[in-house]
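Good morning, and thank you for coming. Please look at the sequence and the structure as I show them, and keep both in view while I speak.

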Amino acid sequence: MGANTSQVSDLSESQSIRTLIGPDAISENEPFWNQLISFTFTSPTCSQLFIWQAHNALFLVRCLLKVFIRQMNEEELHLQFSYQERAPGTYDSICEDLLEELVCNLVHLIVEVPLLDITYNILFEAVTTLLVLLSYQLFHKEVLREGLIYSYLTRGRCLSLTSRLVKTLLYNFIRQEKCPAATHVLQTQSDGGGLLYGLASGVASGLWSVFTLGGVGSRPGAEHDQNPLPLSNQSLLLLLVLANLTDGPDCPNPYRQAVTCFKNTQDSSSIPSPQPHTFQINFNSLYTALCEQQKSDQVTLLLYTLLHQNSNMRTYILSRTDMENLVLPILEILYHVEERNSHHVYMALIILLILTEDDTFNRSIHEVMLKNISWYTERVLTEISLGSLLILVVIRTIQFNMTRTRVRPEPMTKTAM
């Protein structure tokens with residue numbers, strides 16, 4: 001590490017790393033800190049020294065947090081951020097909560113810094129560091145309903161930024177920005193994957209495993225290898241984690257409230273929303289992103305959440321005249337049921353159930369004619385209505401699951417006879 005270019009294989013030999021994890025205390029004014037965060041795995045691509053070093057500092061913090069969270073509880077982690085060097089014989093009763101300061105600064109960074117090529121790296125690190133901080137659930141069998149990180153985000157200084165954080169994460173997902181080609185955060189290593197993205201995916205996939213009760217994607221990492229969208233993917237995962245935090249004993253989850261009540265930017269209604277943390281977002285852009293990304297099970301979960309809990313979004317989706325753009329990807333998921341995990345299939349079926357509760361939807365899908373469905377390979381469908389295709393695929397899915405779960409009766413023994 002240091003000012004010179006580093007390779008991943010050289011990290012174990014880094015004197016700076018050895019000093020960092022050594023037993024000796026290091027003063028906050030030591031030049032060591034500036035040297036420590038002045039590393040790069042390739043040559044820096046821009047002259048913005050502050051952004052470069054801030055990203056490196058966040059990367060180090062995230063790696064350390066990942067180790068700490070595996071080894072200690074939140075109270076012990078809090079002590080790591082409470083150290084203060086005092087002169088002998090002095091006492092200072094005021095102790096700044098540096099852990100809360102870190103969480104608040106991460107949220108501020110995400111909502112305040114615009115998404116540009118030069119800021120992509122640091123935004124990615126901020127989102128992923130928050131995911132790491134929320135990963136305590138991975139190491140507990142019971143549902144966590146309280147905790148320091150939870151209280152910082154839902155009742156602390158971050159509460160006022162709830163709607164802005166949810167809106168920013170949604171727009172990160174909508175924009176689907178690829179990692180800039182010149183970036184040094186996700187440079188491809190010899191193992192075929194980006195270093196930082198690989199570390200981040202481990203935590204994100206673990207959290208996603210909690211949501212799906214262990215059923216992660218059918219081919220882990222396949223989508224990332226083909227079309228890596230690290231910031232979009234991590235932002236969506238963080239949004240789902242926040243929205244699925246349990247309600248506290250004295251307050252509801254504000255992030256779930258924000259997800260369930262946001263409105264369309266084209267909604268000119270002057271009636272104020274009774275729900276707190278409401279905001280406006282472009283429904284057309286969100287709808288397009290949902291249609292294009294349904295192969296990802298976390299995107300399907302987002303669609304299910306919006307249809308089930310956000311009445312504004314549900315009304316908008318049901319009013320679309322191009323419903324086939326959304327329904328066809330859902331049907332393709334069900335058609336390839338053997339390649340999908342059961343949780344993804346379940347969510348797709350629930351989405352169809354919600355949609356078919358609307359009479360207008362049921363009428364309109366039989367009026368939409370489709371030609372040459374390429375992914376349906378059992379027979380050539382030169383022309384079929386969307387409604388007929390829906391029925392065909394659902395019946396096929398039912399048949400597949402009945403066959404898979406069929407239990408063969410055991411032969412009767414002489415004793416039983």
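How are helix 8 and helix 12 oriented to each other: parallel, antiparallel, perpendicular or oblique? Before I answer, a word on the source. This is a predicted model, in which local features need pLDDT of at least 70 and side-chain atom pairs count only at pLDDT 80 or more, while totals for chains, interfaces and linings use all residues. Residues are numbered from 1 along each chain as its sequence is written, and side-chain values use heavy atoms, with hydrogens and water left out.

Now to the answer. The axes of helix 8 and helix 12 (residues 254–261) come within 9 Å and cross at roughly 60°. Helix 8 and helix 12 are therefore oblique to each other. Helices are DSSP runs of H or I with at least four residues, strands are runs of E with at least two, and both are numbered from the N terminus. Axes are lines fitted to C-alpha atoms, for helices over the stretch in contact, and the angles run from 0 to 180 degrees between N-to-C directions. Angles under 35 degrees count as roughly parallel, over 145 as roughly antiparallel, 65 to 115 as roughly perpendicular, and the rest as oblique.

On the side of helix 8, T162, L165 and V166 make the contact, and on the side of helix 12, P254, Y255, A258 and V259. Contact here means heavy atoms within 4.5 Å. By class, the residues of this contact are 6 nonpolar, 1 polar and no charged. The nonpolar class holds Ala, Val, Leu, Ile, Met, Phe, Trp, Tyr, Cys and Pro; the charged class holds Asp, Glu, Lys and Arg; the others, Gly among them, are polar.

Helix 8 also meets helix 13 (residues 283–292), with axes that come within 9 Å and cross at roughly 55°. Helix 8 and helix 13 are therefore oblique to each other, and this crossing is left-handed. Here L170, F173 and I174 of helix 8 touch S285, L286, A289 and L290 of helix 13. The contact of helix 8 with helix 13 has 6 nonpolar residues, 1 polar residue and no charged ones.

Let us turn to salt bridges. A salt bridge is a side-chain nitrogen of Lys or Arg within 4 Å of a carboxyl oxygen of Asp or Glu. The count by this rule is 7 salt bridges, and I shall present three of them.

One joins E125 and R62, whose closest N and O atoms are 2.8 Å apart. E125 lies in helix 6 (residues 120–133) and R62 in helix 3 (residues 49–71), so this pair ties together parts that are 63 residues apart in sequence. Are these two residues buried or exposed? E125 is buried, at 0% relative accessibility, and R62 is buried too, at 3%. Buried means under 20% relative accessible area, exposed means over 50%, and partly exposed is in between, with a 1.4 Å probe and protein chains only.

Another joins R157 and E101, with 3.1 Å between the closest N and O atoms. R157 is in the loop between helix 7 (148–154) and helix 8 (162–175), E101 is in helix 5 (residues 98–112), and the two are 56 residues apart. R157 is partly exposed at 45% relative accessibility, and E101 is partly exposed at 22%.

The side chains of R164 and E112 also form a salt bridge, at 3.1 Å from N to O. R164 belongs to helix 8 and E112 to helix 5, so the pair ties together parts 52 residues apart in sequence. R164 is partly exposed, with a relative accessible area of 36%, and E112 is partly exposed, with 45%.

I close with the backbone. Most residues other than glycine have a negative phi. Which value does Q176 show? The phi of Q176 is positive, near 50°. Q176 lies in the loop between helix 8 and helix 9 (195–211) and is buried, with a relative accessible area of 15%. N372 likewise has a positive phi, of about 50°, although it is not a glycine. N372 lies in the loop between strand 3 (369–370) and strand 4 (384–385) and counts as exposed, at 56% relative accessibility.

Terms used. Left-handed = near helix turned anticlockwise from the far one by under 90°.
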